[in-house]
Amino acid sequence: MKVFVSSSTRKTQHFAKQFARDILKPREGTRGALVVGLRGPLGSGKTTFAQGFARGLGVTGKILSPTFVIIKRYKIPDSGSLFHTLYHIDCYRIEGTHDILELGWKELVSNPKHIVLVEWPERIQNILPKDALLLEFEAKGERARAISLVH
Ligand SMILES: Nc1ncnc2c1ncn2[C@@H]1O[C@H](COP(=O)(O)OP(=O)(O)O)[C@@H](O)[C@H]1O
Ligand SMILES: [Mg+2]
């Protein structure tokens with residue numbers, strides 16, 4: 001498993017930016033959205049990563065945590081024809097998968113032009129697409145964060 005160890009929020013955002021840019025490549029055998037689960041405890045850097053990721057896609061403006069609103073949507077500018085919308089979802093406060101289904105999850109993940117970042121993906125495990133990527137976040141101290149690509 002590839003592990004990146006970040007020593008600051010800035011480095012986490014830089015890593016996320018690069019990760020996002022690496023993703024902007026045509027995928028083979030794709031039917032739906034590109035879904036990336038961000039797993040790890042509170043304060044491990046998931047939202048910080050999402051901010052860098054969005055910047056890497058060219059999203060401008062404020063990127064705030066969707067903890068209270070559950071879902072946030074951003075237009076991806078100048079992305080050619082690959083992706084046009086980024087969704088950032090936080091499942092921390094949901095009661096069950098129905099909360100996410102009610103927000104139009106099925107349409108959201110069926111569009112191959114969508115990228116969907118999901119914090120607390122384990123809470124909606126049974127509705128995640130089989131080909132979703134999974135990043136694991138771990139706090140290793142006050143500022144060190146390990147980020148691993150699980151699959
Ligand atoms: N290397 C680092 N990467 C990301 N966040 C860090 C790092 N070092 C310290 N932090 C702090 O850890 C917290 C991470 O918060 P956040 O990204 O909201 O986590 P989560 O979404 O996983 O709950 C922030 O307060 C941030 O300033
Ligand atoms: Mg968060």
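Apart from its neighbours within four places in sequence, Ala-139 is in contact with Gly-43, Ser-44 and Arg-145, where contact means that the C-beta atoms of two residues, placed from the backbone, lie within 7 Å. The model is a predicted one, in which local features need pLDDT of at least 70 and side-chain atom pairs count only at pLDDT 80 or more, while totals for chains, interfaces and linings use all residues. Residues are numbered from 1 along each chain as its sequence is written, and chains are lettered from A and ligands numbered from 1 in the order in which they are written.

Ala-139 lies in strand β6 (residues 133–139); strands (E, at least two residues) and helices (H or I, at least four) are DSSP runs, numbered from the N terminus. Ala-139 counts as partly exposed because 15 other C-beta atoms lie within 10 Å, a value between buried (20 or more) and exposed (12 or fewer), with C-beta atoms placed from the backbone.

Seven strands form an open sheet of mixed pairing, in the order β1-β7-β6-β2-β5-β4-β3, and two strands are said to pair if DSSP finds at least two bridges between them. At the edges stand β1 (3–6) and β3 (71–75), each with a single partner strand, so one side of each has no neighbour in the sheet. Five bridges join β3 to the antiparallel strand β4 (residues 85–90), and Lys-75 has Thr-85 as its bridge partner in β4.
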